[in-house]
Each structure stands twice: as C-alpha cells, then as structure tokens.
Amino acid sequence: MIQRFHKAGLIVAATMVLSLRLAASFPIYGHQTVLPAGSELNEQALDVPREIFRSESAGGRKSYLINLGDLAFNSPSLLGGVARQAGMSCGTCHVNGASNPKFYIPHMSTRPGNFDTTGSLFNPKADNGILDPVRIPSLRGAHLLGPYGIDGRNASLRDFARTVIVEEFAGPEPSAALLDALVAYIQDIDFLRNLGLGPAGRLTARASDAERRGEALFVKPFPHNPTMSCATCHVPSSAFVDHRQHDVGSGGMFKTPTLLNADFNAPYFHDGRFDSYDQIVGHFDRVFDLGLSPEEQRDLVAYLTAVGDGERPYERDGVGAALKEISDLASVLDTAIPAHDTDIIVLAVDTVDRELRELTEQFPDHKDPSVTGGQEERRRARGALKDLVLRLSRIGLAASAGQFDVAIVEYRNFRNLSLAAVPNLLRAAQRWSLFNPTVRDAHYAALAQMLQTANK
Amino acid sequence: MRLTTLCIMLAAVAVPAVHAEPFDEAVERYRLAMIEDVGQALSGARDLRDRLSKQDIAGARNAWIDARVGWERSEVFTSGFVPELDEAIDAWPDAAAGFHGIEAQLFGADPADGGDKADALIAQLADLDARVRTMKLTPQGLLEGVVRLAYEIGDSKVDGGESRLSGTSLNDMRNNADGIELAYRTLFAPKLEVVDRALAERVQSEIGQLKALLMVADLKSVDADNLRKTSEVLVVALQAAAPKLGLGTPTLEAASR
C-alpha cells in the first residue's frame, strides 16, 4: 500500500513537473524568424531531463571522446544550414540525451513531440512531400537499442548519426573523429536506475499486486497466436527490445521501442500518436484481438508504468548544472589546444560561447521591469559571463592564428575564472535570475502580456 | 590574415597613453550628434502621438519606426549615463510603457489608442533631450557604451529579437551599428590612428564587417554565427585599444544606479 502511494506520488510529481514546464515555455514569435512563428523548442524549461553516464556510474569519468561527442551533440554548427541559423543542435530535440515532448514546429510537426525528418525546412532535397513526422525518441540506453532510427534503418549508430546530420539536416559532412565522438557520447548515456526492476527485467519485491498481474499478462501468449506475447518483442531480459521491426497495425514496419524509462518518453508509437499507456494497451487489445478486460488493461498499464519508471527523471536547471555542462564541454580544450587541433578548438569555442551567452540571459538586465532587486548582483553575473565569452573568443583567435601558447594562457585564465570567481558571482545572483521560478514566471508573464496585447 | 593581425595585437604590450589631442573636443562633437539623435527620437514620438490622435495607425507605425532610429543610435551612451531613462524608455519585456509597450499596442491585430503611453514616452525623451545637452560625458564611459553595444549586437535574435512585434529588430541592430561607428569615428579613431594605425584600421574594418552582415533582406537572413564572432572580434579589438587611448579596459555591463 505504501509503495502504491509512493508510485502515485511520483506520477503526481511528474505531472506537476510537466505543468511547470508548460507554464515556463514560450514560443518563437514574429515573421522574421528562421523557424516559423509558433515553433516551440521548450528551451525555457526549468526542469530538464536528468542525464547520467555509464562511465561515471562505473566510478570513472567521461573521456575526452565522450566530452567531444557531447560538444558536437550540442553544437548547431554540426547540423549546419537552417538548424545552425536557428541555433538548433541534436540537443534541442534530445534534451540531455532524452526526448523533448514539447518540441513543435508548424508544418513539420503534427503534435508536440514529433518531427518530420523528410520535410522541406531543413533539407529541401530530402522533402518527400508528405507530412510524416516521427516521434523524438530518448537516447537513454542507446548502446542496447540497435538498430537505429524509428524504422530501424541503420544497424550502425555511426551510420545513423551521419544520416541525420547530412541527409535530414543537410549539414556538412562530419569528420570521422566527430562521428566517433558522437557515438561514444550517445553510447555513454545510461538509463535512469529503476529500483522496481531486478535482474532479467523482472519486477522486484516492491511491486504492487496490479503490477504483478500485469507482468503475468505481459508474458501470456496471445489468444489467437500462442507463439506471441508482449514479451516476445519487448524482451524483459534484453532491455525490453528484440532489435527487430514489426507491423503492429500502425501503418508500417517499425522497430520495437524499449519500455525502460518510457514513463518519460511520451508521446508513443512511431509518430507519437498516443499520449498514454492506456491508449497503447487499448490499441494492442484491438489490433491483436486480445480480449483484455478493463481490469486486465489497468494491470498492464500498472506493469508498464513500473517498468518505465526511473529515479529522479528531471533535475532543476540552475547555476550549478549550467556551469557543470559548460565545464564539461570546455574540457575538450584541455586536450585540443596542446594537440594544436584547431578544428576542435574552433568547435569548442563556438559551442561554449553560445552556451555562455544563453546563460547570461538567465540574469535579466536593468531594462527588464519584471525583475526587481539584485540589480548589482545580476550586473556582476552578466559581466562575468561576458568576460568569459571574450576570453573564449581570444582562445579561438589565437589558435586560428597558430599561436597556441597564447591560447593556452588564455585558456588557463578562462578555467581559473570559470571554476572559482564566476560560480560565486552567479550563485550570488541566482535568486534574481530566471532560475528562480518566481522570477521566471514574472518574466515570461510580462513577455506573454506583450504578445497578448499585440494579439488582441 | 585578419586573425593573425589581431592576435599579434593581443600579444603586444600596451604602449603608453597618448595625450596628443584632448578628448574634450571630440566629446563635444559627439554630444552634438547625440542631441540630434535624441531630438529625432523625440520628434518621432511627438509625431507618433499626433498620428494616434488622428487615428492614423499607418502613420503612427511609421513614426514609431522613425523614433527608434535616433534612440537606437544613442544607446551607446544611454545605458551607462542615464540607466534609469534607458530602462523607462526601452523596457523589455513590457506591455505597459515605453517604446515596446507602444509597439505591442500599435503593431497588434487591433491597434488601439496608445496616447497615454506616447505622452509618457515624450516626457521621458524630453528629459533625455535636456540632459544630454549638459551632462558630463566621459571618454571611458562612452568607450564602454560602444563595447557593450557591439557585444549585444552579437546576441541571438532567434526568437525574433527585441522588436519582434513590429518586425524591426534588424533596424534596431543596424542603427546600433551606426551608433557604434559614429562614436568610434568621432571619439576614438582620431587618437588611435596616431598611436596604432593598424589597430585603428582593424577596428574600422570590423565595424564595416558588422554593418555589412546586417545589410540583408530580413532578420532571418542574417548570418548569426558570423555576426556573433565579428561582434566579439570588435570588442576584443576595442579592449586592446583602450590602454592605447589612455583609458581603462571597458567593462561589459553598465554600473547599477
């Protein structure tokens, strides 16, 4: 009983998180933007998916290659073209390696959380003339989930990553080193731990009665095809996948998605047509004529919810998390500058520069009337971040001129500041920043008021 | 070539300050230009109010755009020298007052009478107009204003920018760049050309590059990456110029009130 309340509490908490994210989001506006008006990238979300890495879970640390992959993953220049102009990177859709259920681009999405990879916006040459968006999948546990792509078109993650960059986004041909790094990064993104699951994907002792009944139904042969059960494709001992494509009555052959951490991966099915497990169970009941009673359907949903759970799925964005990300990305320079690897230095400078500028905007300037107090603290925080941007810029300039000794000195200064003085200044200003939900709500309410006034 | 030159410049030891020509005369020349720009903003705001009173919405919109020209050019000094007026006149996001409060009403689907807001804006611009004539303008403060504005131009406008409701964010950026060029040429170029001609040419070249990047059909056609990098190269160059002009390294945020 206690566990059931715990589970219910988690679901309520998750709902609250999603509500908060809805409240904090804001669409792109106007007719002068690269992305169409009404596009929603959900970049204002205050609670973001928690990202954990296999390398760190094992007690080690992320390698240079993994950090380089993280850097490339979050670099708009990797995708090039329209995405670069719009400031979009792989990380825009796969936030912290997970999904982005609010992502929406008019004429490229039919609902939040899906996206037409063969539309005209990013690569007109790939436009198939059909609005056929696919859901944005989470990449957690990707090392266990091949083949890749919603339809499982690529056995190789490396090939798939290249396909996305070059064919879907018309980006420049990535170097072999960058592809290796992207693969290393994606394969290091781990599933969130689920204490409700034990070895071989079986429920643990903490499971409720409904979840146990659901588990039994999950492995029970279908009445009209005894060779099949849910578990035939969603193999519990194999991350709940079978690495194959199937037609489950949704309009084609699509690869079996994992059920692990799936509570946080809605919308569901290849095109994101379903919002909930109830709808999914109802679909399978109809298509495979399973004859499930309402109670059995509820039990299956309880089981799926238990399997799809994960520890602390979201984390609050803030100064600490932002600086950790920036530090990880900038750490690539530890290796790249001494190696005189100018291409990587330029990539790092460009990507971290963007991140720092975005972080600066979390501390509203004196012109923002929706924020009161902390003006001096905000000013210092903004000034410190801008100073870091310029130090980075100097690193890029020096490296591009072949002056790597100068770049090393500048980088040392950048590192010293970003590890000590800057965090202190940012923490001092955090309560008046957009990381504070009250301040954030006031800021976005003021922005919304402007749009509402214009749209009356 | 461009990067090499700049890096040599960065590595160079700062030369002693030069006092060949006092800044005072240049500052007064710049003041005259600012009086003209603020006057244009004020005149535009008055025209805006008149048009609104006649229900001439199209004319009021044009007047709003005209008023922004002088205002955006004068931002070199407003953020540092009159931050309270800067905030009142150009508050963002704010639907209730200032340029953007009027913008929200005027460029909306159903533009209503924004006369009260226009009156308030006129009063604020008139205050600015009076103060710019007599207030103390320091070369250090003006260099900081140039640097801050140069940096700000490189910020992302992917969301539509500051004046997204009127669709004139690109105008804002162009006028900012004009304001930067005016301040640099009037105040700092003459001295810098004496002490470091190559650096002076470098700064002017980057300003030219900045302006060229803004000479596109619309906001979405701006090469945002290049603009950001150019703005940073310009700021770095201006920071390098500061000691050669006998000035301190410019800060990137205006002091609080």
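1. Chain B has 257 residues, for which a compact globule would have a radius of gyration near 18 Å; the value for chain B is 19 Å, so the two agree. Bear in mind that this is a predicted model. Along the principal axes, the C-alpha atoms of chain B fill a box of roughly 60 × 40 × 25 Å.

2. Chain B holds ten helices and zero strands. From the N terminus on, its elements run α-α-α-α-α-α-α-α-α-α.

3. Of the 257 residues in chain B, 55% are buried. Take the contacts in chain B with a separation of 6 or more: 75% of them join residues 24 or more positions apart.

4. Now the interface. Here 44 residues of chain B are in contact with 42 residues of chain A. On the chain B side, the elements giving two or more residues are α1 (2-11), α4 (83-90), α5 (98-106) and α10 (224-244). The largest share, six residues, comes from α1(B). By class, this side has 21 nonpolar, ten polar and 13 charged residues.

5. Turn to chain A. Helix α11 (residues 277-287) of chain A packs against helix α12 (residues 294-307) of chain A at an angle of about 125°, with the axes 9 Å apart. That angle makes α11(A) oblique to α12(A). The crossing is right-handed.

6. Which residues of α11(A) and α12(A) meet? From α11(A) come Tyr277(A), Asp278(A), Val281(A), Gly282(A) and Asp285(A). They meet Gln297(A), Leu300(A), Val301(A), Leu304(A) and Thr305(A) in α12(A). The residues of this contact divide into five nonpolar, three polar and two charged.

Terms used
Residues are numbered from 1 along each chain as its sequence is written. Chains are lettered from A and ligands numbered from 1 in the order in which they are written. This is a predicted model: local features need pLDDT of at least 70, side-chain atom pairs count only at pLDDT 80 or more; totals for chains, interfaces and linings use all residues. Axes are lines fitted to C-alpha atoms, for helices over the stretch in contact, and angles run from 0 to 180 degrees between N-to-C directions. Helices (H or I, at least four residues) and strands (E, at least two) are DSSP runs, numbered from the N terminus. Angles under 35 degrees count as roughly parallel, over 145 as roughly antiparallel, 65 to 115 as roughly perpendicular and the rest as oblique. A crossing is left-handed if the near helix is turned anticlockwise from the far one by less than a right angle, and right-handed if clockwise. Two residues are in contact if their C-beta atoms, placed from the backbone, lie within 7 Å. Ala, Val, Leu, Ile, Met, Phe, Trp, Tyr, Cys and Pro count as nonpolar, Asp, Glu, Lys and Arg as charged, and the others, Gly among them, as polar. The radius of gyration is taken over C-alpha atoms; the globule rule is 2.2 Å times the number of residues to the power 0.38. A residue is buried if 20 or more other C-beta atoms lie within 10 Å of its own, exposed if 12 or fewer, and partly exposed in between; C-beta atoms are placed from the backbone.
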